[in-house]
Amino acid sequence: MNSLTIGTRQSALALTQTEWVMGELRGKFPHLKLGTKKIVTKGDKILHVTLSKVGGKGLFVKEIEQALLDGEIDVAVHSMKDMPAQLADGLTLAAICKREDPRDCFISKTGQSLDELPEGAIVGTSSLRRQAQIQHYRPDLQIKPVRGNIDTRLRKLREGEFDAIILAAAGLIRLGWEDVITHYLDVDVSLPAVGQGAIGLECRADDEDTQALLVALNDADTARAVSAERAFLHRLNGSCQIPIGAYARIEQEAIALSGLVGDPADGRIIQHAGTGSDPVQLGVQLADALIAQGADEILASLANGNDT
């Protein structure tokens, strides 16, 4: 194989991540000719409502996956936190690259921390996961939705629409914008989204030549950790638009996994943690533990349109 066409969203972060992947591929396979195709997804088009109200899974990946299936591209570069638990038929994740910082980060207009914000301050996030956890930690704050790419959200903060916003640290780090971060949120305060901070490389399941190239970019520890998180998500029949958080760490040979389901209406949090050696088994066991505590009732109420 002498060439690859790589599909990507057209945001600054998506393009930066794609350029990084291309650089890694060129370093390992200098003969490869690489091209890109920018693809607009449903999640990119609908900016006037929160993603949780749009509904459906794969809002940032479906059109890119279709381009793979149609043969328009050979590889798709995804932020793993955007990936639904179930891939489209005929596709496979050939590699999960080494994870960047998985934490959420807090950015305030005045440099105040989450603990220092005054009562009634307005915090912007369209993530039900973040909303539930921040309401649980600081029920006195106002949570309001903010959509758009990273620079749009930062502009809205500067213009005074919000006192603070919450973003994934990995995106800001990859863009070289760490200086805007007020502080990083400990995972005990805001458990990350499934796969947050990791880049996934997807291709056709029958394209063995492309898989053989992409596997060179796979990071074994990240892949094991994210596999546990995704098994947890899959068992809960979840997507990236519902209040599910999970974070796995590799500790020697074991996987330590923490997971939660939150209710954005009242800040109620159901969470559990466990360790194991098999990522899929561990993810399923942790999800079952949350279901036993009533997590499925929260998710069912959101699925029925009761997410205020």
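I began with a definition: a salt bridge is a side-chain nitrogen of Lys or Arg within 4 Å of a carboxyl oxygen of Asp or Glu. By that rule, Arg 9, Lys 81 and Asp 82 are linked in a network of salt bridges.

**Ground rules**

I am working with a predicted model, in which local features need pLDDT of at least 70 and side-chain atom pairs count only at pLDDT 80 or more, while totals for chains, interfaces and linings use all residues. I number residues from 1 along each chain as its sequence is written, and I use heavy atoms for side-chain values, with hydrogens and water left out.

**Overall form**

I looked up the secondary structure and found eleven helices and 13 strands; these are DSSP runs numbered from the N terminus, with helices (H or I) of at least four residues and strands (E) of at least two. Next came the radius of gyration, taken over C-alpha atoms, where the globule rule is 2.2 Å times the number of residues to the power 0.38. For 308 residues a compact globule would have a value near 19 Å, and the protein agrees because it has 19 Å. Along the principal axes, the C-alpha atoms fill a box of roughly 60 × 45 × 40 Å.

I then checked burial (buried is under 20% relative accessible area, exposed over 50%, partly exposed in between, with a 1.4 Å probe and protein chains only). Buried residues make up 54% of the 308. For contacts, I took heavy atoms within 4.5 Å. Among contacts between residues at least 6 apart in sequence, 68% join residues at least 24 apart.

**Salt bridges**

What lets such pairs form? Side chains of opposite charge can pair when their charged atoms come close. I found twelve salt bridges in the structure.

One of them joins Glu 229 and Arg 99, with the closest N and O atoms 2.9 Å apart. Glu 229 sits in helix 9 (residues 220–235) and Arg 99 in the loop between strand 4 (91–96) and strand 5 (104–108), so the pair ties together parts that are 130 residues apart in sequence. I was glad to have both accessibilities: Glu 229 is buried at 0%, and Arg 99 is buried at 16%.

I also looked up Arg 130 and Asp 104, whose side chains meet in a salt bridge at 2.9 Å, N to O. Arg 130 belongs to helix 5 (residues 128–137) and Asp 104 to strand 5, so this pair ties together parts 26 residues apart in sequence. Arg 130 is buried, with a relative accessible area of 7%, and Asp 104 is buried at 0%.

Glu 159 and Arg 155 form another salt bridge, with the closest N and O atoms 3.3 Å apart. Here I noted that Glu 159 is exposed at 52% relative accessibility, while Arg 155 is partly exposed at 34%.

**Around helix 6**

Is Lys 156 buried or exposed? I found Lys 156 in helix 6, buried yet without a salt bridge; Glu 161, the nearest side chain of opposite charge, is 5.1 Å away. Not counting residues up to four places away in sequence, Lys 156 touches Val 146, Arg 147, Glu 161 and Phe 162.

Leu 157 is also placed in helix 6 (residues 150–158), and Leu 157 is buried at 4% relative accessible area. Leaving aside neighbours within four places in sequence, I listed contacts of Leu 157 that include Ile 107, Ser 108, Phe 162 and Ile 165. The C-alpha atoms of Leu 157 and Val 146, eleven residues apart along the chain, are separated by 9.6 Å.

Terms used
Lys, Arg positive; Asp, Glu negative; His and termini not counted.
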